[in-house]
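Let's take a walk through this one together. Keep the 3D view open and follow along as we go.

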Amino acid sequence: MTAQLEAIAPRVPAPTRIGQGTAVEQSRAVAEVEAQIVVAMRYPRNEPAAIAAMRETCRRKDLAERAFFRYPKAGKPVSGPSIQLARELARVWGNISYGSAELRRDDEYGQSEMLAYAWDVQTNTRNAATIVNPHRQYTGGSELTELRDIQENNASVVNRRVREAIFAVLPAWFVEEAKDICAKTIADGGGIPLAQRIANAIEVFGNLGITIPQLETKIGAPSPKWTDHDVAQLRIIRQSLLRGEISRDEEFPPERSSAAEILQSAQPAPADPGTAPADASGTEHNHAEGSCPPDCPYRQRIVQSAIDHNLALEQPDPTVPTAETPDADSARTGTADDRPVPDPSTSGQRSMIEQQFKRLDFGQDDESRQLATASVLAGRRAGIASLADLSGDEALRVRDALKTCRDDGALMALLVKLGEAAKRAEKQEQGGAQQ
Amino acid sequence: MTAVAEPLTDVVITEPGVYEIDEATYFDCDHALSCSGAKLLLSPSCPAKFFWQQDHRAYKDVWDYGSAAHKVVLGSGPEIEVVDAACLQQLADSTDDAKLAKLYAETAAKGDPDAWTTSAAKAAKAVARAAGRVPLLRHDYECVRAMADAIRRHRLAGALLNPEYGHAEQSMFWTDPESGSLLRARLDVLRDKVPGRLWIPDYKTADSADPEKFARSAASYGYHMQDAWYGDGARALGYEDPRFLFVVQEKEPPYLVSVVELDHEARRAGRLRNRRAITLYRKCVTDGKWPGYVPDDEIRYVSLPPWAIRREDNDYS
């Protein structure tokens with residue numbers, strides 16, 4: 001008979017040995033359940049007292065601030081009553097047994113089986129859920145292997161199920177009233193004037209690196225027009241941020257790019273004939289090389305050249321102003337002699353110029369021709385004795401200009417154009433001197 | 001393709017930074033993972049395809065138009081070779097092959113070719129390609145110039161892609177802090193000559209500049225990965241809060257231009273996908289294995305799609 005039974009219903013694998021502690025625990029659990037039911041029958045809940053207790057506790061700021069959660073789902077924040085509120089309501093409602101248990105952890109398959117339940121022992125209403133939780137992160141899905149990570153992940157998942165189980169056995173009207181009171185408590189702000197609370201909120205979020213425009217975008221109104229409800233929402237958001245339920249970027253996406261900001265950064269600067277625009281179509285631009293202030297942080301990331309095979313990184317000291325960008329002090333005094341000597345060109349920069357000349361097949365057998373061309377492109381009227389005379393910026397300018405030339409014909413055309421521009425400038429100078 | 005400058009040889013970039021190297025050198029730096037590579041590692045591609053393409057990089061003719069547009073707009077990149085009657089006549093005059101010279105001359109006599117169908121045009125295209133230039137027919141070149149003019153007239157696109165505001169065609173290399181892998185990206189223009197926030201524009205030619213259609217293309221072609229990739233790269237190199245913007249231009253008149261920014265959610269999705277790709281890349285490099293769609297020691301169990309099952313059921317019901 002036993003064999004027949006096992007054939008149709010195999011025995012469930014069970015531990016071969018039960019320790020004394022386990023045996024005691026099993027007996028205690030049975031006794032506890034029985035005791036809970038007996039006690040609940042003997043001392044049924046006093047509903048008016050439970051309602052009064054709920055109203056009292058929900059008016060407390062400490063609970064109200066923790067009564068709501070917020071986390072992102074499919075790109076949008078999801079919010080609702082928190083596990084903290086659920087536990088508090090279960091406590092005041094009374095005769096509710098709730099909790100969770102980890103039934104099995106399988107490291108091989110990377111999953112844990114867990115139980116979450118809430119049980120109204122007086123009405124014998126029970127809500128339970130068994131969860132199979134993979135040991136993986138929610139975002140990115142990467143596998144969790146550290147014991148602590150697995151425990152935290154399991155606790156996070158099972159707590160949510162416990163929360164739902166508690167709310168499932170509590171009367172819906174009881175929960176709704178509690179939520180309303182909590183929301184009002186947050187909105188009331190403990191008697192602090194609204195303007196003060198708005199200022200506090202701005203300061204608190206400012207400490208988290210969130211700007212006023214970001215807050216105003218979130219609320220959808222300028223800060224002076226925020227209401228009690230808006231400030232309450234911000235408090236909930238702040239709590240969720242601090243609890244790590246939602247990240248800063250998810251709740252406050254970076255500000256959108258502004259067209260005005262781009263256009264402002266592209267204001268035309270004084271034209272510099274030395275920097276011919278890289279324009280293959282020959283169309284002239286109104287813009288010239290943008291001037292960059294000496295303290296511009298982006299200037300520090302000067303383009304590095306890998307043409308030196310030793311890969312020497314060429315980063316001119318941004319604190320040393322170049323001839324193009326005199327520092328503010330020397331500009332005020334107006335004497336060129338006061339200006340620091342610009343950085344000399346590097347061998348890599350000179351090599352780039354030579355390569356460009358080689359590509360254009362220009363002056364390969366006549367170095368003086370190359371030097372004369374380089375001096376024109378660099379805007380040096382006096383000429384140069386060697387490429388080493390060029391400063392770093394001048395060398396880059398020469399290289400850029402050469403790069404724009406498709407062939408030696410284009411280079412000649414550019415030289416003619418620059419020569420004419422120089423002549424015009426010279427005439428203007430002479431005219432100004434005569435006047 | 002060969003870029004304007006002489007190709008640099010023996011350059012192995014191992015340190016993070018912004019480098020001015022030509023396109024060929026950049027592509028040869030395959031010890032650093034690029035965004036295109038990251039896309040190839042993930043579904044619908046697989047690591048095996050990525051690995052194969054490392055050594056079998058193919059050039060597609062359809063890229064010519066985009067390359068030429070980049071050249072005209074940014075003034076950087078491979079030179080354009082306009083294949084027209086004059087070009088064919090020049091080839092006829094310069095070639096030593098009498099038969100070929102005759103072919104070139106006969107075709108040149110008929111005027112500018114309007115398609116790549118003739119033998120002479122095909123030969124001229126091959127010559128240009130061999131010289132590292134981008135071959136374009138005359139009418140295509142005129143279109144590209146008109147496109148460039150449209151870009152310059154567009155207030156935002158003109159400001160973003162003006163090469164005078166920075167350095168065109170710059171290569172970024174940085175180390176991924178999580179995996180230690182070297183990553184790379186090539187910027188159309190590094191706008192480092194103007195103060196303020198670093199805007200990273202990426203010029204794309206497309207059939208439509210409609211932002212809605214672009215959003216669908218972004219999902220298909222992984223543009224959201226590119227956005228996050230480039231932004232994170234610039235951030236890793238010290239730029240604060242860089243912003244990536246797409247400058248999308250239609251290839252047909254009136255060559256409409258849209259400047260598009262992907263939203264935070266798209267960027268976040270791209271960043272997650274990038275992370276998966278980088279992790280997978282690291283694993284493949286460490287293991288020395290580049291699996292296909294299914295690992296070679298695994299049988300993948302598949303079902304028919306639900307609609308096919310329903311169709312079968314309906315046939316027999």
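**A guided tour**

In chain B, strand β1 (residues 17-20) lines up antiparallel with strand β4, and three bridges join the pair. Keep in mind that we're looking at a predicted model. For a landmark in this pairing, find Y19(B), which stands opposite S171(B) in β4(B).

Now stay with β4(B), which covers residues 167-175.

R184(B) has another neighbour worth a look: it lies over the face of Y26(B), 4.8 Å from the ring centre. The charged end of K218(A) sits over the ring of F252(A), at 5.8 Å from the ring's centre.

While we're on rings, the structure holds 18 aromatic pairs over all chains. One of them is W173(A) with F174(A), an edge-to-face pair with centres 5.8 Å apart and planes at 90°. W173(A) is partly exposed at 43% relative accessibility, whereas F174(A) is buried at 0%. Over in chain B, the rings of F214(B) and F246(B) are 5.0 Å apart at their centres with 55° between the planes, so this pair counts as tilted. F214(B) belongs to helix α10 (residues 211-221) and F246(B) to strand β7 (residues 243-250), so the pair ties together parts that are 32 residues apart in sequence. Both rings belong to one aromatic cluster, along with Y221(B), Y223(B), Y230(B) and F244(B).

What about disulfides? How many does the structure hold over all chains? The count is zero. C182(A), for example, is in no disulfide, and the nearest cysteine sulfur, that of C58(A), is 3.7 Å away. C182(A) is buried, with a relative accessible area of 0%.

Finally, how far can you trust chain A? Its mean pLDDT is 73, and 70% of its residues score at least 70. Confidence there is highest in helix α5 (residues 83-93), at a mean of 93, and lowest in strand β6 (residues 304-305), at 32. Over residues 269-339 of chain A, pLDDT stays under 50.

Conventions. Residues numbered from 1 in each chain as written. Chains lettered and ligands numbered in written order. Predicted model: local features only at pLDDT ≥ 70, side-chain atom pairs only at ≥ 80, totals over all residues. Heavy atoms only, no water. Buried < 20%, exposed > 50% of the residue type's maximum accessible area, 1.4 Å probe, protein only. Helix = DSSP H or I, 4+ residues; strand = E, 2+ residues; numbered from the N terminus. Pairing = 2+ DSSP bridges. pLDDT = per-residue confidence, 0-100. Contact = heavy atoms within 4.5 Å. Disulfide = S-S within 2.5 Å. Phe/Tyr/Trp six-rings, centres within 6.5 Å; stacked < 30°, edge-to-face > 60°. Lys NZ or Arg CZ within 6 Å of the ring centre and 35° of its normal.
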